[in-house]
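Welcome to this structure. Here are a few points to read alongside the view below.

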Amino acid sequence: MSEPIRFPTKIAVLLREDLASWQRLNVTAFLVSGIAHATPEIIGEPYEDADGTGYLPMFGQPVMVFAGSADVLAAAHGRALGRGLRISIFTDELFHTGNDRDNRAAVRAVPGEKLALAGLAVHGPKNAVDKILKGATLHR
C-alpha cells in the first residue's frame, strides 16, 4: 500500500457565512483563479481519459473551503497581510460590476480596513494558513 500524499502547503478559501449559494460558488471560482495565477507551480499535470482526450490541469492539491462571519474574514485578512502572504479577495461591490476593470476600480476605491469582504483565498505553509483561518469553520 502506498503512503498517503502529504502537502507542506495549503490552499484555502474563506467565505462569509451569509452568502447565497450562487454567490459562494461564484466567489470561490474567482478567488482560486488568483491563487492559480500567483502560484503556477501548484498546478498539476494535464488529465487524459482512456480514449486519449486531453483535459486541462488543475491544482495538484486539495482546496479547502471555510466559512466565517464578516469579523472572522476581516481578522483573517489582517493576519494574512501581517504574515506577508499574498491573498485574493472578493468584495461585496464585485457582485454589482460586470468586468475586470470595474472590479479593480471598486476595490481600489475602498481602504483595506473598510473592505466589505465576501471572501478571500490564500496559499501558504499549512501552519501559517491554519493560523490565518482562526475562528473559521469548514464549509458545509
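Which residues line the second largest pocket?

1. The second largest pocket is lined by G34, I35, H37, A38, T39, L85, R86, I87, S88 and H123. A pocket here is an open set of points on a 1 Å grid over the protein atoms alone, where a 1.4 Å probe fits, with protein on both sides within 12 Å along at least five of seven lines; lining residues have an atom within 4 Å of a point. Four of these residues come from α1, the largest share.

2. Please keep in mind that this is a predicted model, where local features need pLDDT of at least 70 and side-chain atom pairs count only at pLDDT 80 or more, while totals for chains, interfaces and linings use all residues. Residues are numbered from 1 along each chain as its sequence is written, and side-chain values use heavy atoms, leaving out hydrogens and water.

3. Now to the largest pocket, with a volume of about 280 Å³. Its lining includes F30, L31, D100 and R104. At least two lining residues come from each of α1 (21-38), β5 (87-91) and α3 (100-108).

4. Strand β1 (residues 9-16) is worth a look: seven of its eight residues are buried, so β1 is largely enclosed by the rest of the structure. Buried means under 20% relative accessible area (1.4 Å probe, protein chains only).

5. β1 has two partners to trace. With strand β6 (residues 117-125), β1 pairs in the antiparallel sense over seven bridges, and L15 stands opposite G119. With strand β4 (residues 63-68), β1 runs parallel, joined by six bridges; here L14 stands opposite F66. Strands count as paired if DSSP finds at least two bridges between them.

Key
Points joined across faces, edges and corners; volume = space filled by probe spheres on them. Helix = DSSP H or I, 4+ residues; strand = E, 2+ residues; numbered from the N terminus. Buried < 20%, exposed > 50% of the residue type's maximum accessible area, 1.4 Å probe, protein only.
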